[in-house]
Amino acid sequence: MTQNALSLATDAQARQAARPQLSFEFFPPATEAGRERLLRETLPALQTLGPEFVSCTYGAGGSTREATFGIVSAIHRAGVEVAPHLSFGADDAATVGALLDAYQEQGIKRLVALRGDSPSGTGGSGLAHAVKLVEFARERHGAHFRIAVAAYPEVHPQARDYSSDVHFLKAKLDAGADFAITQYFYNADAYFHFIEQCAAAGITKPIYAGIMPITNYTQLARFSRFCGAEIPRWICRRLEDFGADTDSLRGFGIEVVTRLARTLLEQGCPGLHFYTMNQPGPSRSIVRNLKLEPAA
């Protein structure tokens, strides 16, 4: 190798080492066509961006249990590091334990442990809190899984108050979770204030920022009402202005979220977790705008 080539390779390695962690989230498609599109188009398109892992959601009360398991298994067979979401919700310990066993047997080494929701009109299992799931996974499988949990910079909609929300996050991390991923948000100050409060509470493990690209205003507004994420008024008004002009709305959304992500990274956020909604384009555009594509 020439001196020049050696220098270029060393520079590339240094850039890669300093690169913030990226990860991407999918949901299990409801149709076979959607499943094929996810595996053959969406996953390969995002895998070129060099994510640390991808994750797959788990419906309320295990409503997508089989679909989640199938997609996670297929992603794992494709050689991609994958983290299934899992919760107790309305599931019992035997059901969740069997899933954990099956994931370990396949060699899957990551997990996103959530409180989960019970389907409408049903009761919970009595083990609904995520800290119980973290403890359960650690007792059953020791250090096999690298476990992520959820965090809420703008406060969980059912939290008693801000301080208790931070307390519950610390409990999940103390129980054995390795890091946290936040709910999406559009106000960087909310994230940085949350990080300060977590540090004051003694939390030292990484907290990665959840990023939701803006592609559909009606859908985003509905999600945000449900999960308690605030969309700043100026963004709402601008999105309303675009009406049916989806191209302009998406362009504006990419610009706004790129600016948010850049601010987060410049001020010390360790990485970004993209809620892709199974659409690779917006997340890929944001990563490219940030110049975070892996070095060749």
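Author: Before anything else, a term: two strands count as paired if DSSP finds at least two bridges between them. Please also keep in mind that this is a predicted model.

Reader: Fine, so how many bridges join strand 6 to strand 7?

Author: There are 3 bridges between strand 6, residues 179-184, and strand 7, residues 207-211, so the two count as paired. These two strands run parallel.

Reader: And which residue stands opposite Y184 there?

Author: That is G210, which belongs to strand 7.

Reader: What do the strands form, taken together?

Author: A barrel, closed by 8 strands that follow one another in the order 1-2-3-4-5-6-7-8, with parallel pairing. From one strand to the next, the twist averages 30°.

Reader: What holds paired strands to each other in general?

Author: Strands of a sheet pair through backbone hydrogen bonds, and the pairing can be either parallel or antiparallel.

Reader: Changing topic, where does helix 2 lie?

Author: Helix 2, which spans residues 32-47, lies across strand 1 (21-26) and strand 2 (53-56), and its direction is at about 160° to strand 1. Helix 4, residues 93-106, lies across strand 3 (82-87) and strand 4 (110-114), running at about 170° to strand 3. In total, the protein chain has 11 helices and 8 strands.

Reader: What share of the residues is buried?

Author: Of the 296 residues in the protein chain, 48% count as buried. The accessible surface of the chain comes to about 14200 Å², and carbon and sulfur atoms account for 50% of that surface.

Note on methods: Residues are numbered from 1 along each chain as its sequence is written. This is a predicted model: local features need pLDDT of at least 70, side-chain atom pairs count only at pLDDT 80 or more; totals for chains, interfaces and linings use all residues. Side-chain values use heavy atoms; hydrogens and water are left out. Helices (H or I, at least four residues) and strands (E, at least two) are DSSP runs, numbered from the N terminus. Axes are lines fitted to C-alpha atoms, for helices over the stretch in contact, and angles run from 0 to 180 degrees between N-to-C directions. Contact means heavy atoms within 4.5 Å. Buried means under 20% relative accessible area, exposed over 50%, partly exposed in between (1.4 Å probe, protein chains only). Accessible areas come from the Shrake-Rupley method with a 1.4 Å probe; for residues, only the protein chains shown count as cover.
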